[in-house]
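Biologist: I would like to learn how to read a pocket and a strand in a model. Please take them one at a time.

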Amino acid sequence: MATTPHRSGLLAGLDVFVGGPIQHAILPEGFASDLQSAITRAIDTVRDNGGNIFSAHVAEKFGEDTAQFTPEQVSVRDFRWMRKCDVFVPVLPVLPDLTLRRTDGTHVELGWATALGRPIVLVTRQPFVDSASHLLKGLHRVGSVQVIDFDEFNEKPALLIDAVLAATEVQREALGGAAVVGA
């Protein structure tokens, strides 16, 4: 769900797509609370600093309304957001058994972001857990990827602002100084 951008703030004018697990985060007792807190923190940090948010978690009310959307609607919506966003911020949590929470959709979105040349600011435990795939661990070799440690982000959400600004600055420099906002 897109929101109206704020008029001021460090991220003013930037479209930020915040992603992460949904389907495999809907538990019998409700949405995984640690993940919901982290994604809400990312969304609030971007919004509070003037950025415009695209978020399936907001659109689907953290799983409450997920069943109201068809796979076709979700695919078209999320791909449209990826084409429009200036930066993709996936949140990939680690479970107590030290494996990544399953999130097929977010991994598809990581592929889209890389293929479309969108900078990525990945929020996940560092160093990568053993269960993270080689493609995830090596993504920085084929795309513009910055990583923020999940626990550090939870302690200091402002790390996200710095990383988004750095990611979009790198993108501007790659385009020869041209603005990427709304590109």
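Modeller: Start with the pocket. A pocket is an open set of grid points with protein on both sides within 12 Å along at least five of seven lines, and its lining residues have an atom within 4 Å of a point. Keep in mind that this is a predicted model.

Biologist: How many residues line the largest pocket, and which lie nearest its centre?

Modeller: Rolling a probe the size of a water molecule over the atoms shows where empty space is left. Here the lining of the largest pocket counts 26 residues, and nearest its centre are I22, Q23, V74, D78 and G105. Two or more lining residues come from each of β1, α2 (56-59), α3 (71-84) and α4 (104-116). The largest share, six residues, belongs to α4. The volume of this pocket is about 480 Å³.

Biologist: What is the make-up of that lining by class?

Modeller: The lining of the largest pocket holds 11 polar, nine nonpolar and six charged residues.

Biologist: Now the strand. Why is β1 described as largely enclosed by the rest of the structure?

Modeller: A residue is called buried under 20% relative accessible area. In β1 (residues 15-19), five of the five residues are buried, so the strand is largely enclosed by the rest of the structure. Both faces are covered: V16 and V18 are buried on one side, and D15, F17 and G19 on the other.

Biologist: Which strands pair with β1?

Modeller: Strand β4 (residues 52-54) runs parallel to β1 and is joined to it by three bridges, with D15 opposite N52. Strand β5 (residues 87-92) also pairs with β1 in the parallel sense, over four bridges; there, V87 is the bridge partner of V16.

Conventions: Residues are numbered from 1 along each chain as its sequence is written. This is a predicted model: local features need pLDDT of at least 70, side-chain atom pairs count only at pLDDT 80 or more; totals for chains, interfaces and linings use all residues. Side-chain values use heavy atoms; hydrogens and water are left out. Buried means under 20% relative accessible area, exposed over 50%, partly exposed in between (1.4 Å probe, protein chains only). Two strands pair if DSSP finds at least two bridges between them. On a 1 Å grid over the protein atoms alone, a cavity is a set of points where a 1.4 Å probe fits but cannot get out, and a pocket is an open set with protein on both sides within 12 Å along at least five of seven lines; lining residues have an atom within 4 Å of a point. Grid points are joined across faces, edges and corners, and a volume is the space filled by probe spheres set on the points. Ala, Val, Leu, Ile, Met, Phe, Trp, Tyr, Cys and Pro count as nonpolar, Asp, Glu, Lys and Arg as charged, and the others, Gly among them, as polar.
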